[in-house]
Amino acid sequence: MELTEFTIKSITIVAVFALTLVIAMYSTWAERKVAGFIQDRRGPNRAGWGGLLQPMADAGKMFFKEDFIPALANKWLFIAGPSLAMLTALLASAVIPFGSTFRFNGVEVPLQGVESNIGILYVFGVVALGVYGIMIGGWASNNKFSLLGAIRAASQNISYEIAMGLSLIAVLMMSSSLSLGEIVSQQHGGNWNIFYQPLGFIIFLTCSFAECNRVPFDLPECETELVGGYHTEYGSMKLGFYLFAEYINMFISSAIISTLYFGGYNYPGMDWVYNQLTSAMGTATGHNIATLIGTAVFFGKALFFVFFYMWVRWTIPRFRYDQLMNLGWKKLIPLAIINIILTAAGILFLKPIITQILN
Amino acid sequence: MQLTNRSKQVSNKEMTFMERAYLPAIATGLGITIKHFFAKKVTIEYPEVKRYLGPVFRGRHILKRDADGKERCTACGLCAVACPAEAISMVAAEREKGEENLYREEKYAAVYEVNMLRCIFCGLCEEACPKQAVYLRHDEFVPVFTDRDQVIWGKDLLVEDMNNRYTREAWTKEEAKALDDKRANGEVTNVTPRPVP
């Protein structure tokens with residue numbers, strides 16, 4: 001029994017890992033496709049149908065390029081940078097609940113790598129570590145532009161993490177749980193957090209753009225000022241890892257946003273579908289198919305946010321650095337604190353009144 | 001003095017709250033980009049689809065034959081003299097007895113070569129030719145070279161194929177414009193090309 005549980009967990013983890021990688025891979029394709037479509041072009045369409053083999057071609061190119069380490073760079077840290085970026089990006093996917101449970105011969109298998117009661121805290125810890133990858137890489141390059149890019153990335157991530165954490169606290173006050181699975185199941189039945197936390201959602205979204213170093217917060221890799229930013233000296237697959245880590249982070253944060261604010265795998269009319277399926281196909285099969293539908297819904301939500309990232313990227317220009325810092329410290333943090341106070345007031349005074357009226 | 005009516009008065013007024021909030025502006029921007037996302041794409045997929053470049057486009061050369069299939073070129077060398085890039089070279093030869101069905105005049109070009117790397121497609125050879133033998137096709141490019149041997153085109157590539165003769169739709173820019181206008185108005189859908197004289 002012990003062994004089977006271990007096997008099941010291993011399989012789920014590997015599946016989640018592989019899925020994240022595949023989605024990140026196809027995000028690079030989607031990015032180019034979306035960019036093309038927004039600019040009235042067609043995007044990549046030569047490699048495979050609709051350019052679907054383009055990520056393979058890109059990866060192949062990356063692998064076959066010379067793996068170069070500058071003479072004056074710190075060799076170990078230079079390699080550790082992209083490795084760490086990739087590692088931290090992938091770690092966060094372990095706790096995200098992709099769906100409800102599967103039933104095989106009476107064994108319940110949750111569609112989640114690890115059900116941890118501090119899930120969201122874990123995600124935040126790992127995401128905060130992500131800045132090390134960039135910082136170490138930029139510093140080890142022994143290049144002033146890389147270092148400047150890395151410093152920008154570090155200060156930006158630290159600044160926006162505060163507002164992000166504060167906006168999250170409002171959600172946690174409502175859920176009174178740090179477990180992602182628990183937060184999702186509380187949003188069952190159209191009870192999505194976005195309806196209670198619109199301000200918090202906007203703050204969280206803005207901060208996750210900044211955390212992922214995406215436009216309009218992509219100052220760490222601002223070509224006009226910093227050559228290439230923290231990965232100026234990188235080439236070959238090490239550069240590939242940095243870029244790939246960015247796309248993984250994008251998917252992870254999209255998944256987190258849909259988990260926290262958009263009900264995860266919940267969708268309207270879920271119970272009705274579940275009852276229909278279980279009565280039509282039996283408890284186990286019906287349950288599994290209902291879970292699959294929920295997972296598809298979850299991926300739909302997450303991928304919509306990935307699309308949203310790209311949509312924003314090809315719409316607005318990047319901020320100036322002082323604007324970025326002003327927005328982070330003078331606007332988002334006070335707003336997040338106000339949001340906390342409002343939520344607290346709502347829970348204290350509004351909630352009893354509403355429950356009284358409803359009863 | 002006002003040169004255009006497109007100039008705008010620069011304003012330094014305070015932004016309203018809505019403008020300072022930035023999010024409505026972002027929403028407007030997102031609306032614009034999503035409109036383009038679903039808009040019809042202007043791309044022409046080049047090697048598969050070729051754009052019509054107009055009836056007076058100057059593409060690759062062709063050495064014309066007359067109605068009986070005889071070569072028109074007499075190797076007078078005027079095209080080579082006119083050529084500013086010195087891309088054309090030829091060797092003249094005398095027509096033998098029994099070759100009257102091959103060459104129109106007593107003298108012909110035994111070798112006629114165009115160096116396609118040198119050619120600038122100016123069309124001066126076409127204008128210089130007194131026998132109306134050399135033309136720049138409006139419908140075909142010089143394809144990409146992958147080998148040095150492909151750069152110099154000899155008579156095998158240049159002389160017209162009698163089974164696939166070359167004709168033009170229009171001869172001057174005015175004619176081309178009139179044709180384009182007619183097409184745009186839907187008056188003509190399919191024009192029979194005028195033969196090269």
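Leaving out residues up to four places away in sequence, A:Ala85 touches A:Gly130, A:Gly133, A:Ile134, A:Gly137, A:Phe241, A:Tyr242 and A:Ala245. This is a predicted model, so please keep that in mind throughout.

The largest nonpolar core has 82 residues, and A:Ala85 is among the members that touch the most others, along with A:Ala89, A:Ala163, A:Cys207, A:Ala245, A:Ile248 and A:Phe251. Which helix gives the most to this core? That is α10(A), with 14 residues. A second, separate core has 18 residues, including B:Cys73, B:Cys83, B:Tyr103 and B:Tyr135.

Next, one helix in chain A. Helix α8 covers residues 198-211, which is 14 residues.

Is α8(A) mostly covered or mostly open? Mostly covered: ten of its 14 residues are buried. Among them are A:Phe201, A:Ile203, A:Phe204, A:Phe209 and A:Cys207, and A:Cys207 was also on the list for the largest core. What do the buried residues of α8(A) pack against? They pack against five helices of chain A: α4 (119-140), α5 (144-175), α7 (193-196), α10 (236-261) and α13 (321-358). After α8(A) comes A:Asn213, which has a positive phi, near 55 degrees.

Now chain B. An unreviewed UniProt entry lists B:Cys73, B:Cys76, B:Cys79 and B:Cys129 under "binding site". These residues are spread over 57 residues of sequence, yet they cluster in space, with a largest C-alpha distance of 10.4 Å.

Take two of them in turn. B:Cys73 sits in the loop between β1 (61-63) and α3 (78-82) of chain B. Why does B:Cys73 count as buried? Because 26 other C-beta atoms lie within 10 Å, and the cut-off is 20 or more. Beyond its neighbours within four places in sequence, B:Cys73 is in contact with B:Leu63, B:Tyr108, B:Ala109, B:Tyr112, B:Lys131 and B:Ala133.

B:Cys129 is in another loop, between α4 (124-128) and β4 (134-136) of chain B. B:Cys129 is buried as well, with 20 other C-beta atoms within 10 Å. Setting aside neighbours within four places in sequence, its contacts are B:Leu78, B:Cys79 and B:Val134. Note that B:Cys79 is itself on the UniProt list.

Note on methods:
Residues numbered from 1 in each chain as written. Chains lettered and ligands numbered in written order. Predicted model: local features only at pLDDT ≥ 70, side-chain atom pairs only at ≥ 80, totals over all residues. UniProt positions renumbered as here; feature names shortened; annotations may be inferred. Helix = DSSP H or I, 4+ residues; strand = E, 2+ residues; numbered from the N terminus. Buried ≥ 20, exposed ≤ 12 C-beta atoms within 10 Å, placed from the backbone. Contact = placed C-beta atoms within 7 Å. Expected span 1.5 Å × (residues − 1). Core = buried A, V, L, I, M, F, W, Y, C linked by C-beta atoms within 7 Å.
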